[in-house]
Amino acid sequence: MASQALIKDFEDLIGKENVFTSDADLQSYSFDSAVLEPVIPALVLRPTTTEQLGLCVKKLYDNGIPMTVRGAGTNLSGGTIPDHSDTAVVLTTGLNRILEINSNDLYAVVEPGVITADFAAAVAKKNLFYPPDPGSQAVSTIGGNIAENAGGLRGLKYGVTKDYLMGVEFFDATGETVKTGSRTVKCVTGYNLAGMLIQSEGTLGIISQAILKLVPPPKASKALMAVFDDMQNAAEAVAGIIAAHVLPCTLEFLDNNTIVRVDDFTKAGLPRDAAAILLIEVDGHPAQVADDAEAVERVLKENKAVAVHVPKDAAEKFKLWEARRMALPVLARCRPTTVLEDATVPRSQIPAMMKAVNEIAAKYKVEVGTFGHAGDGNLHPTFLCDKRDAEEFKRVEAAIDEMFDTAIKLQGTLSGEHGIGTAKSKWMEKETSRGTILFSQRLRRALDPKGLLNSTKLVGI
C-alpha cells in the first residue's frame with residue numbers, strides 16, 4: 001500500500017481531486033473488458049498535464065511502485081488490470097486535448113486521452129479523414145489505440161493505428177521524456193521507437209503525445225448487404241472478393257445467431273432467416289466505386305448469395321452499419337459472461353476458420369455468435385456463457401484453446417487487434433518461439449530494470 005505521506009505528495013502534485021484512494025474508486029479500476037479476475041490497485045492517479053504525468057511516473061519509479069497505465073479501459077485482454085495490489089493505476093484521460101490539426105501537411109497532434117470518435121469528428125470538420133475506427137471508438141482513447149494497435153471495420157483497406165502513427169512522445173519507466181518520429185512524411189532520425197512502442201500495451205513507456213497522419217476523405221461510397229442461406233458460401237464469397245483484387249473499405253460478417261439477436265435489439269430489419277450476411281462498402285472516386293461495386297456483386301452472386309441489397313439512402317446505410325457496431329453490446333446482454341476473441345487468419349483461410357469455429361462450438365456444446373472483419377481475416381467468435389457455472393466455463397476454455405490452435409495451424413495469429421495482455425500470454429510461444437519470448441523479456445529488463453511497467457503483461461519480465 002502507498003503511504004499516506006506519498007499520497008499527500010501526489011495530492012500536492014496533481015490536486016486532491018485527481019488522486020483516488022477510496023474503496024469504491026479502487027474497485028472501479030480493478031478490471032477492464034476482459035473476462036479475468038479483478039485486482040484492486042493501491043491508488044489511482046489522474047494527471048491533467050504532460051508535466052504532471054512525467055512527475056507522477058518519476059515519483060512512482062523512485063518509490064519502486066508498479067504502474068499500470070489506463071485510458072478508457074475498453075481493452076479485451078486484461079492489459080489495464082493492475083498487476084498487483086501495490087500497483088498504481090495511471091490514468092491518461094485527463095490529457096485530452098487536440099493540440100493541432102494541420103490541413104496543409106495532413107497531420108494532427110493529440111494527447112493520449114482524446115476519445116477516438118471525437119478526434120475523427122474534429123478532423124472531419126476540416127474535410128480530412130482519420131480511418132482507424134475500433135468498435136469502442138465512442139469511448140476508447142488514442143493512447144489506448146496506440147498501446148493496443150487498434151484496428152476496426154476499415155482496416156481491410158486503410159490499415160490500423162500503426163499505419164497512422166508518425167511520431168510519439170512518451171515517458172520511460174524513470175519519467176524521462178522520449179521523442180521519436182516527426183511531422184514530416186519521411187523521418188529516419190534514430191531508432192524507430194514509435195514502431196517499438198505501438199502495441200506494447202503499456203510495458204515500455206507511457207504515451208504523452210502523438211502525431212497522427214491524416215488523409216483526404218473518399219469522394220464517394222456504396223454499401224451492399226449480401227444474404228446467404230449457407231455460412232460457408234458467405235465465407236467463400238469473402239475469399240472470392242479479395243481474390244478478384246477488389247479492396248472494399250469494409251467487409252463484415254454476421255452469423256445467424258448474431259443477426260437475430262442484433263435485430264431483436266436494433267429493429268434494423270435484418271434478414272432473420274439468413275445463415276449469414278456480409279456488409280460491404282466500397283469507396284473512392286465515383287467511377288472506381290461503381291466498378292468495384294459491380295465486381296463485388298458479381299462475386300457475391302457467383303458464391304450463391306440469395307439476395308444483394310443496396311441501401312436506398314444514407315439513413316438506411318447508417319442503420320445497417322450501426323447494427324453491425326451493436327453486435328458485441330447486444331451479444332453481451334444475452335448471458336452473464338461474454339468472451340470475445342479475435343483469432344485472425346490469412347484471408348484465403350476464412351472459409352476453413354469459420355467451419356472450424358462452428359465445429360468446435362458443437363464439439364464442446366457452447367453457444368457462439370460470430371461476427372467480425374471478414375475481409376482482413378479478423379473474426380470475433382463470441383462465447384456466451386456463465387462463468388459461475390464452472391463446468392460450462394471449462395468447456396468454453398477448452399473450445400477457445402482449440403480455436404487458437406486451429407488459427408495457428410492455418411498460419412494465423414492469436415490476436416488481430418485486441419492484444420495479448422494476460423488473457424492470451426500462455427499461447428504466445430506457440431505462435432512465436434521461445435527465443436522471441438526471451439528476447440522480448442531482455443528488451444523489457446533493459447528499459448525497465450525494476451520491472452514496474454505493467455510487468456505481468458505480454459511476455460512478463
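Modeller: Ile 7 is buried, with a relative accessible area of 8%. The model is predicted. Ile 7 lies in helix H1, which covers residues 4–14. Setting aside neighbours within four places in sequence, Ile 7 is in contact with Ala 2, Val 19, Thr 21 and Leu 43. From Ile 7 to Glu 236, the C-alpha to C-alpha distance is 58 Å in space, and the two are 229 residues apart in sequence.

Now to the core. The largest nonpolar core has 56 residues. Inside this core, the residues with the most contacts are Leu 278, Leu 300, Met 353, Phe 383 and Met 403. Several elements give two or more residues to the core. The strands are S10 (220–228), S11 (250–255), S12 (276–284) and S16 (378–385). The helices are H8 (231–243), H10 (286–302), H13 and H14.

Take Phe 383 next. Not counting residues up to four places away in sequence, Phe 383 touches Thr 337, Thr 338, Val 339, Glu 341, Val 366, Glu 367, Val 368, Val 396, Ala 399, Ile 400 and Met 403. A second, separate core has 26 residues, and among them are Tyr 130, Val 178, Ile 207 and Leu 214.

Helix H13 spans residues 350–364 and helix H14 spans residues 390–409. They pack at an angle of about 155 degrees, with their axes 10 Å apart. Angles over 145 degrees count as roughly antiparallel, and H13 and H14 are therefore roughly antiparallel to each other. The crossing of H13 past H14 is right-handed. On the H13 side, the contact is made by Met 353, Ala 356, Val 357, Ile 360, Lys 363 and Tyr 364. H14 brings Arg 395, Ala 398, Ala 399, Glu 402, Met 403, Thr 406 and Ala 407. By class, this contact of H13 with H14 has nine nonpolar, one polar and three charged residues.

The other pair is H8 and H10. Their axes come within 9 Å and cross at roughly 145 degrees. H8 passes H10 in a right-handed crossing. H8 supplies Ala 237, Gly 240 and Ile 241 to the contact, and H10 supplies Val 296, Val 299 and Leu 300. By class, the contact of H8 with H10 has five nonpolar residues, one polar and no charged ones.

Key. Residues are numbered from 1 along each chain as its sequence is written. This is a predicted model: local features need pLDDT of at least 70, side-chain atom pairs count only at pLDDT 80 or more; totals for chains, interfaces and linings use all residues. Side-chain values use heavy atoms; hydrogens and water are left out. Axes are lines fitted to C-alpha atoms, for helices over the stretch in contact, and angles run from 0 to 180 degrees between N-to-C directions. Helices (H or I, at least four residues) and strands (E, at least two) are DSSP runs, numbered from the N terminus. Angles under 35 degrees count as roughly parallel, over 145 as roughly antiparallel, 65 to 115 as roughly perpendicular and the rest as oblique. A crossing is left-handed if the near helix is turned anticlockwise from the far one by less than a right angle, and right-handed if clockwise. Contact means heavy atoms within 4.5 Å. Ala, Val, Leu, Ile, Met, Phe, Trp, Tyr, Cys and Pro count as nonpolar, Asp, Glu, Lys and Arg as charged, and the others, Gly among them, as polar. A nonpolar core is a set of buried Ala, Val, Leu, Ile, Met, Phe, Trp, Tyr and Cys residues joined through side-chain atoms within 4.5 Å. Buried means under 20% relative accessible area, exposed over 50%, partly exposed in between (1.4 Å probe, protein chains only).
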